[in-house]
Amino acid sequence: MKTTLWGWGAQRRVECDVFAPESTSDVRGLLDTQGTLARGLGRSYGDAALNEHRRVLTMTRLDRYLSFDETTGVLRAEAGVSLVQIVRDFGPRGFLPLITPGTKFVTLGGCIANDVHGKAHHAQGSFLESVDSFRMVTATGATVTASRSENADLFFASFGGMGLLGVITDVTLELRRVETTWFRQRAIVVKHLEAMLDALEEADATFPYSVAYVDPLATGASLGRGVLTVGDHATRAELPKAKEPLHVGAGAKLVVPFELPELTLNPLTIRVVNQVIQAVLRNAGDFSHAESFFYPLDAINEWNRGYGRRGFIQYQFVVPMEGGRQTLRALLETIVSSGQLPFLNILKRMGPSNAAPLSFPMKGYTFAIDFPVRDGLVELTHRLDAMVADAGGRTYLGKDSYLEAATFRRMYARLDEWLAVKRTWDPANVFTSDLGRRLALVG
Ligand SMILES: Cc1cc2nc3c(=O)[nH]c(=O)nc-3n(C[C@H](O)[C@H](O)[C@H](O)COP(=O)(O)OP(=O)(O)OC[C@H]3O[C@@H](n4cnc5c(N)ncnc54)[C@H](O)[C@@H]3O)c2cc1C
């Protein structure tokens with residue numbers, strides 16, 4: 001059915017030919033050689049899950065659990081199962097996702113395609129670490145199993161492979177056994193960038209989870225000031241008696257009811273909102289529920305509408321540790337002096353990269369920041385892209401909207417390796433997307 005789709009940033013809306021398969025055989029029957037793409041819950045910000053005038057298979061009806069081993073925590077589930085389902089169904093049994101991004105409204109297939117990372121990347125790696133194997137419908141219509149030992153090229157290239165190698169139908173992954181669904185946390189107020197990077201380094205040596213929020217409007221000596229939050233899973237012994245150890249919540253209470261007019265966003269409102277965010281972070285209690293700790297934004301449904309009709313982008317980059325402090329300073333200065341309206345953001349350190357050729361994370365500093373779409377934004381991101389590439393860093397395709405193919409090639413040194421896997425498994429480009437065409441991942 002012809003349907004208008006958009007990414008989470010809603011800055012581009014395109015008509016696609018959308019189907020919702022309910023089984024692997026449906027998926028097989030729906031492959032279209034003119035261009036097919038799987039889509040999860042559409043939480044990628046840009047055009048990763050769009051396929052203009054071509055076929056999109058929304059995978060959310062493949063949402064069944066296939067098996068679970070309580071002794072090992074190994075779950076086999078269809079690829080449309082979401083992390084919110086897993087938190088709700090397995091939290092009360094003492095299991096949470098092993099690796100999770102900053103929203104639980106994502107599917108297993110989407111988590112693989114972007115090789116998502118979370119607040120503990122420096123200690124625990126990205127989604128690849130949690131997956132044993134998956135099954136995929138490939139370009140010929142065959143269903144193949146991929147793991148570290150079987151079709152290993154397809155396995156690794158699919159993490160960060162942006163759905164362009166086939167449709168993942170089910171996934172075998174490990175969950176994390178937890179004593180409680182609560183977090184022990186601490187907020188640290190930091191006055192400037194150097195101090196923030198020192199604090200992050202110190203935190204990462206002690207806590208598996210760490211993330212900083214930077215005041216995006218602070219300049220000069222205050223550039224990079226903000227609040228660092230660190231934490232770890234609370235044990236039963238640590239938890240105050242009043243808290244139910246394996247509690248899981250009922251869902252979001254607030255909804256942004258409609259797209260706010262653009263007038264709502266101006267330098268003054270942005271300044272006020274940023275200050276409110278910092279105050280909330282500073283005053284967070286000693287214990288927070290895993291859902292508030294991991295997914296603070298999920299408390300408000302459809303918060304993306306708050307950015308207005310022109311939508312917004314999130315820009316996320318990682319730059320290597322070596323020289324990273326200077327690069328980060330230069331990038332932040334470019335952002336704060338750009339005249340754009342920098343908003344929600346996250347700064348953290350990442351651990352080493354993995355064996356997946358297009359996986360985003362690499363050892364270094366990563367920064368993610370939202371900008372409502374205004375004139376001049378594309379030019380700003382291109383300037384930032386060039387600075388990131390020059391520094392040996394890269395931007396995150398799951399958030400990307402405007403990156404150009406030539407700069408992408410400079411950022412991802414193992415691109416040719418990935419393209420060779422694409423030629424092996426999908427030489428006729430059955431699997432396509434708007435992002436794939438923009439970045440020359442598909443012919
Ligand atoms: C509030 C918020 C916070 C976020 N925080 C983080 C974060 O901390 N870390 C992080 O890494 N990311 C983060 N993200 C991005 C998000 O985790 C990824 O974009 C994720 O891939 C979205 O999953 P999805 O199911 O919505 O997939 P979609 O956005 O629908 O699709 C993403 C990609 O997955 C592919 N895909 C989906 N299903 C399948 C399948 N079954 N088979 C093959 N390919 C498939 C699509 O083709 C597309 O290329 C955040 C997003 C939001 C909105």
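How many residue pairs are in polar contact between domain 1 and domain 2, both at pLDDT 80 or more? The count is 20. A polar contact is a pair of N or O atoms within 3.5 Å; within protein, one must be able to donate a hydrogen and the other to accept it, and residues adjacent in sequence count only if both atoms are side-chain atoms.

The model is predicted: local features need pLDDT of at least 70, side-chain atom pairs count only at pLDDT 80 or more, and totals for chains, interfaces and linings use all residues. Residues are numbered from 1 along each chain as its sequence is written, and side-chain values use heavy atoms, with hydrogens and water left out.

The protein chain is assigned domain 1 (65-179) and domain 2 (182-402). These bounds come from an automatic or database domain assignment. The C-alpha centres of the two domains lie 24 Å apart. Domain 1 gives 35 residues to the contact and domain 2 gives 39, where contact means heavy atoms within 4.5 Å.

Between them, domain 1 and domain 2 bury about 3000 Å², with 59% of it on carbon and sulfur atoms. Buried area is the accessible area (1.4 Å probe) that two parts lose on being put together, summed over both. In domain 1, Lys 119, His 122 and Glu 179 lose the most area to domain 2. Together they account for 27% of what that side buries.

Three salt bridges cross this interface. A salt bridge is a side-chain nitrogen of Lys or Arg within 4 Å of a carboxyl oxygen of Asp or Glu. Arg 88 pairs with Glu 291 in a salt bridge, their closest N and O atoms 3.1 Å apart.

On the side of domain 1 that touches domain 2, the elements giving two or more residues are helix H2 (83-90), strand S7 (95-97), helix H4 (121-124) and helix H5 (152-158). Helices (H or I, at least four residues) and strands (E, at least two) are DSSP runs, numbered from the N terminus. H4 gives the most, with four residues.

The whole structure holds 27 salt bridges. One of them joins Asp 47 to Arg 438, with closest N and O atoms 2.8 Å apart. Asp 47 lies in the loop between strand S3 (36-39) and strand S4 (55-58), and Arg 438 in helix H13 (residues 434-438), so the pair ties together parts 391 residues apart in sequence.

An oxygen atom of the ligand is 2.7 Å from a side-chain N or O atom of Thr 107.
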